[in-house]
Amino acid sequence: MAAMTETNNIHAVMEGPEDDAKSSFHHRIFLEPQEKKRNMKALLVKQAKKTCSCTPAKMKDCFLGFFPILQWLPKYNLKEYLLGDVMSGVIVGVLLVPQSIAYSLLAGLEPIYGLYTSFFSCIIYCIFGTSRHISVSIFGVVCLMVGQVVDREVERAGFELEPAVLSALPGDRNSTRNGTEVLCDKSCYAMAVAATMTFISGVYQVAMGFFQVGFVSVYLSDSLLSGFVTGASITVLTSQVKYLLGLDIPRSGGVGSLVSTWTNIFRNIHSTNLCDLITSFLCFLVLIPAKELNEHFKSKLKAPIPVELFVVVAATLASHFGKLRENYGSSISGHIPTGFLPPRSPDWTLIPNVALDAIPIAIIGFAITVSLSEMFAKKHGYSVRANQEMYAIGFCNIIPSFFHCFTTSAALAKTLVKESTGCRTQMSGLVTSLVILLVLLVIAPLFYSLQKCVLAVITIVNLRGALRKFRDLPKMWHLSKVDTVIWGVTMAATALISTEIGLLVGVCFSMLCVIFRTQRPEAPLLGWVAESETYESLAAYKNLQTKPGVVVFRFEAPLYYINKECFKSTLYKQTGVNPVWVKAAKKKAEKRMLKEKEEGSGDKQSSIPMDLGLEPVGFHTIVIDCCAVQFLDTAGIRTLKEVCKDYGDIDVHVLLAQCNPSVRSSLLRGEFFREGEEHLLFHSVHQAVDFALGTQGHRASKN
């Protein structure tokens, strides 16, 4: 009986006194809803048993799922995969060596730590990751965010902030300038800060994977992430300019660091080191054309030319034999030791200082990693698991934090290189680790004389992709003005305020844009496409027809408490009739007529309505197309009731068409359909219009 009662409520046509006449012009569709009454207790018990059950098969699946390497490694095809994996691994490793050293500069750490980070992250992602193509290593934006926190904490601890690259300092490693005894020098303390923040970031990422809160990444839209990366890239570029010029100025951090850095640069421009300036110019002259040629001929080249490595080798040789430090005062990288330092746990006392800073770093890291892994998986026809990716990137931070490493994430540029050079599986990451291991064990000390300005040039050249977004702005504006504004606001806030605040501003602004777009949605009148059952916007298309006496209105947004007044005002404006005003005018006319009658002026009664401006409404039915209404809340249901009642009071019927199941369910729960009312629900606009015309014709014939 319950099912039949509900069916009677949501028929395309509700039962009524004119039912026989209606059936002659309208084909009714009867849909019986599925029985949805369930025993909630039984459902919860069933779900709990399913979740808590522990069978050997389930344990095996869980274990293999947590360590994906155990699934793909036994099936590894040496003949088919090995060559591509080795080639891509070697090439990415060769590219990573100079970038790892350069990005250590960006993070405010010694060059050796960048090599450690790239080495461990490649191995750990190979074990835990599900993507075959992404390259997890150092990423410029994340390095910048780490560097800002490192600088702040180093300054708080009483160390001088410069030089930014914290090479081994002469003298007592256990005392600061004022003689206060500490556990380690500035370099050691900076690494402790970075390692602690890396550990906390990894814990956040693993926790997000455990609680399956990957949905957080949906709030980071493509335009927001692009604007954030571009704004951070501007900050990165600014932080490297002083190395290009050989200036010895303090590294600015916090709010407004971009402006303060440029101010310091122009104040000290007269102190430019000509040797560093000329070296920077020559490196740009080589790197930029070579990078462009690599991109232009990437379809013809089996592997990109490792021009960065050539530049690093040539610059190191030139600096060493030319004695640029001794003769011209050029700043160099300094000693890079071989081998590995003993493991060391993060500094737990620093956790309160960096816990908040680690949140945006963790979110950016997993958002970029998950989005890149899904993009390349879709391109190559396999699947990745977002939660496992969060575990993978989390462990790429937690475990290396004990081995003098800083925060990592996937990097687009190196991922593109990895894919284009024949990578087939995660084995490529192991090969990359072997290349970096060779550098760590043998080659690292040879980079002693490498100038910092060369590393700065490498960092800036690798920002080209993000900075090119300015060139794409006209196209972006043409595609979506709202996305372009989100991009611009996020970029400006990130560059001019700070990276963390910029990310927060971008998220808040994009959510406000979503709210405003639903608050002021498109709400056109629709016209009929001849010889079809299709209705489209009269404002968007020509040659559409309208049915006499019927107005078709579409509201292209959810109907809820924020936009309920917009719905009513737009409907009144589009139809040209505000039923509240019409009712008020009628009441005023009735009072006037009554007063005239009492005064004995009944001969003027016929002219009163016209004198008051009470013209005919011009239509008898409004059909509301609800195809774009995703959901209703209680305010939305109440608004629909008010609209139907107000128009009903002036003899205009309101019909609803193309409501989705969620909206129909909300209408039923909200008692929108009541016995005796003629508010009808239709499965298409065409059915609703036919019904309205047929009903009006039937009434006219009776009269």
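Author: A polar contact is a pair of N or O atoms within 3.5 Å; within protein, one must be able to donate a hydrogen and the other to accept it, and residues adjacent in sequence count only if both atoms are side-chain atoms. Helices (H or I, at least four residues) and strands (E, at least two) are DSSP runs, numbered from the N terminus. This is a predicted model, in which local features need pLDDT of at least 70, side-chain atom pairs count only at pLDDT 80 or more, and totals for chains, interfaces and linings use all residues. Residues are numbered from 1 along each chain as its sequence is written, and side-chain values use heavy atoms, with hydrogens and water left out.

Reader: Which residue caps the N-terminal end of α27?
Author: A side-chain oxygen lies 3.2 Å from the backbone nitrogen of A635. The residue that supplies this oxygen is D633.

Reader: How far apart are the end C-alpha atoms of α27?
Author: Helix α27 covers residues 634-648, which is 15 residues. The expected span is 1.5 Å times one less than the number of residues, so α27 should span 21 Å. The model agrees, with the end C-alpha atoms of α27 at a distance of 21 Å.

Reader: What covers the buried residues of α27?
Author: Buried means under 20% relative accessible area, exposed over 50%, and partly exposed in between (1.4 Å probe, protein chains only). The buried residues of α27 include I637, L640, V643 and Y647. Contact means heavy atoms within 4.5 Å, and the cover includes α24, α25, β6, β7 and α28.

Reader: What is the order of the strands in the open sheet?
Author: Two strands pair if DSSP finds at least two bridges between them. The pairing in the six-stranded sheet is mixed, and the order is β4-β3-β5-β6-β7-β8.

Reader: Which strands are the edge strands?
Author: An edge strand here pairs on one side only. They are β4 (535-537) and β8 (681-682).

Reader: Is H620 buried or exposed?
Author: H620 is found in the loop between α26 (608-611) and β6 (621-625). Its contacts beyond four places in sequence include P548, D651, H653 and Q696. The relative accessibility of H620 is 14%, so the residue counts as buried.
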